[in-house]
Amino acid sequence: MAEKTTEKREVALVVGAGDAIGSAIARRFSQEGYVIVAVRRNGDRLQGLVEEIEAAGGEAHGWSVDARDEEAIVELFARIESEVGPLSVVVFNVGANVPMKILDTSSRKFSKIWEMACFAGFLTGREAAKTLLPRGKGSIIFTGATASVRGAAGFAAFASAKHGLRALAQSMARELAPQNIHVAHVVIDAAVDTAWIRENFLVHKSDRHDDDIVKPESIAEAYVQLHRQPRDAWTFEMDLRPWVETW
């Protein structure tokens, strides 16, 4: 008789598991055999994703966490390690894409956007490093945007936060790579295929193709590829954009 194993499966954490990119990443890593922990501020909105993953034979947990709350993030990592399993992949996918003119940007709005898109990334990245370093392996992937490398009119707060997140990721990659932790930053330079984008931007476009905008599933595939990379050919920054995007 074969011996039963009590070893727990490795875990993929998605911080900022929204309805599009975050959920697609969670589904894709589940297909790779990882236990999924998906978190967002309104955790009740993750029930459908959890049920979908479990219906496909996977294991998933959907929890409410405010990624700007240091105590909550520290507790999140401790809970995963004690209750779910060993972390292997941590994805920070919190967005804060709120356009506003500079004269309309209050200090409160600026601070909130920075907390969401940059400070929360620091908290997540720091706790991920604390968790993965003793194991000597794992991946930390940050979701960036066009604003990570180029500021646009009306996006001063968002661009400054995304620039900061990119710098954080770059510093972490240089610090942690010698210790076998792969840190990557993904620049999503495109509109993402969602119902809102289709209804508001593509409904009147008669000559569009199915691959004019990037699909969440295609983004998720890239994240899995990053995690799979051998360390003699690690990518730090990956740009994702459809063929029609100008850059």
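In what order do the seven strands of the open sheet run? Hi everyone, let's start there. The order is β3-β2-β1-β4-β5-β6-β7, and the pairing is parallel. Strands here are DSSP runs of E with at least two residues, helices are runs of H or I with at least four, and both are numbered from the N terminus. Two strands pair if DSSP finds at least two bridges between them.

A quick word on the source: this is a predicted model, where local features need pLDDT of at least 70, side-chain atom pairs count only at pLDDT 80 or more, and totals for chains, interfaces and linings use all residues. Residues are numbered from 1 along each chain as its sequence is written, and side-chain values use heavy atoms, leaving out hydrogens and water.

Axes are lines fitted to C-alpha atoms, for helices over the stretch in contact, and angles run from 0 to 180 degrees between N-to-C directions.

Next, β5 and β6 (residues 182–188) pair in the parallel sense over seven bridges, and F142 stands opposite H185 in β6.

Now the helices. Helix α2 (residues 47–55) packs on the sheet and touches β2 and β3, its direction making about 170° with that of β3; contact means heavy atoms within 4.5 Å. Helix α3 (residues 70–84) lies across β1 (11–15), β2, β3 and β4 (87–92), at about 155° to β1.

Finally, the record: an unreviewed UniProt entry annotates residues 10–193 as "domain: Ketoreductase", in the numbering used here, with feature names shortened, and annotations may be inferred rather than shown by experiment.
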